[in-house]
Amino acid sequence: MEIPSRSLATEAVHAGREDLAALGLHAAPLDLSTTYPSYDSRAEAARIDEFAATGARLQGPPVYARLDNPTVARFEQGLARLEGTESAVAFASGMAALSAVLLVRVSMGLRHVVAVRPLYGCSDHLLDTGLLGTEVTWTDPAGVADAIRPDTGLVMVETPANPTLAELNLRAVAHSCGEVPLLADNTFATPVLQRPAAEGARLVLHSATKYLGGHGDVMGGVVACDEEFARKLRQIRFATGGVLHPLAGYLLLRGLATLPVRVRAQSATAAELATRLAADPRVAKVHYPKIGGAMVAFEVHGDPHEVTAGVRLITPAVSLGSVDTLIQHPGSISHRIVDPVDRFSGGIGDKLLRMSVGLEDVDDLWADLDAALAGSATTPPDGERRAPAPAGR
Ligand SMILES: *Cc1c(COP(=O)(O)O)cnc(C)c1O
């Protein structure tokens, strides 16, 4: 397929929908079929053989919904265009997407994974426990090349990472990987701020539950990659069943249309809140990535649990990427499943809070944060009492 060069904003609204006008449609059709009629079993046998052998998308109707779905395929096309990859394969959740990647490599006898902490808590858990038969070596970005073995099937990184927003140089890590595929979790940055494939990542993972959906009402995952790897992912998806529901595919396609506008607006507010937090004496440290984004992490001098208990406009909840602002305590929730020693060494301290900034007015958000911070103890570690920040700033 010839890919015209159009800007991200234009692709976000049109990719995956180019055929609609010719079909006499405006909104993408939602196909909820689980099965598809065919009077020609011989032809179906040939198509199933072809899929089993290659993993290429079927021409014509899907046969059965675990093989393919036209609405989900529109979302996959849209996301691939935004990430600048040949293909994308969607799954029921971000964790189903990561599981499929690991199973592709394990099924090829490449069960060793090199990974850089911090990662999203459940990704860390999946690798650390070796639940899917993988074995992990944790390292820092500079140690990736030395950690690679003959049976290494994957190098996995997140940048900016969940929850500390630590950044790494994707191009440098991709270089260290040599022939081993680099998987970059791009959930936090989204293709609006960063396109890992252009930096050398072979696999770009998203928890579509977050910014791609954008409204906190759809769960999904997706891997953007070359068509060769996508074929293996489709075969694993067919065999293991972690498919994305068509309604989720519909909502995610709709979410892509506003992704650039949402991410830019939410990032501008997040940058302003990061500045105000950094100037606040009740805050010990602010983590805000160089590339920007709508996530802010910060450490408080007082009790972080009092901050999540004290917000009224902001929702105290895990997850991120929605149009409304959420705050949570990673040590208690998103990264609770990570062993405490590994959690602390990954920079996820007990004083750390993670905030996903939404589309609300910046001053309303600040007023809520300011009140919640006032409710947490204001005594700095040296025992010296400092004046609270002026209200409304
Ligand atoms: C949430 C998240 C995941 C897991 O995605 P689910 O859709 O919850 O399965 C993976 N990576 C990152 C960075 C996340 O924030």
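Reader: Which residues of helix 5 are buried?
Author: In helix 5, which runs over residues 121–129, the buried ones are G121, S123, D124, L126 and L127. Keep in mind that this is a predicted model.

Reader: What follows helix 5?
Author: G130 comes after helix 5, and its phi is positive, near 60 degrees.

Reader: Where else is there a positive phi, in a residue that is not a glycine?
Author: L165 has one, at about 65 degrees. Most residues other than glycine have a negative phi.

Reader: Where does L165 lie?
Author: L165 is in the loop between strand 4 and helix 7.

Reader: Is L165 buried or exposed?
Author: L165 is buried, because its relative accessible area is 5% and the cut-off for buried is under 20%.

Reader: What about S319, what is its phi?
Author: Phi of S319 is near 80 degrees, again a positive value in a residue other than glycine. S319 sits in the loop between strand 10 (315–316) and strand 11 (326–328). With a relative accessible area of 24%, S319 is partly exposed.

Reader: What kind of peptide bond joins T159 and P160?
Author: A cis bond, with omega about -10 degrees. N162 and P163 are also joined by a cis peptide bond, where omega is about 5 degrees. Most peptide bonds are trans.

Reader: New topic. How many helices and strands are in the chain?
Author: The chain has 13 helices and twelve strands. Its radius of gyration is 22 Å, close to the 21 Å from the globule rule for 393 residues, so the chain is as compact as a globular protein of that length.

Reader: How much of the chain is buried?
Author: Buried residues make up 53% of the 393 residues.

Reader: What domains does the assignment give?
Author: Domain 1 covers 8–258 and domain 2 covers 260–374. Their C-alpha centres lie 27 Å apart.

Reader: How many residues are in contact between domain 1 and domain 2?
Author: 36 residues of domain 1 are in contact with 35 residues of domain 2.

Reader: Last one, charges. How many positive and negative side chains are there?
Author: There are 35 positive and 45 negative side chains, and the centres of the two sets lie 2 Å apart.

Definitions and conventions:
Residues numbered from 1 in each chain as written. Predicted model: local features only at pLDDT ≥ 70, side-chain atom pairs only at ≥ 80, totals over all residues. Heavy atoms only, no water. Helix = DSSP H or I, 4+ residues; strand = E, 2+ residues; numbered from the N terminus. Rg over C-alpha atoms; globule rule 2.2 N^0.38 Å. Buried < 20%, exposed > 50% of the residue type's maximum accessible area, 1.4 Å probe, protein only. Lys, Arg positive; Asp, Glu negative; His and termini not counted. Charge placed at Lys NZ, Arg CZ, Asp CG, Glu CD. Domains from an automatic or database assignment. Contact = heavy atoms within 4.5 Å.
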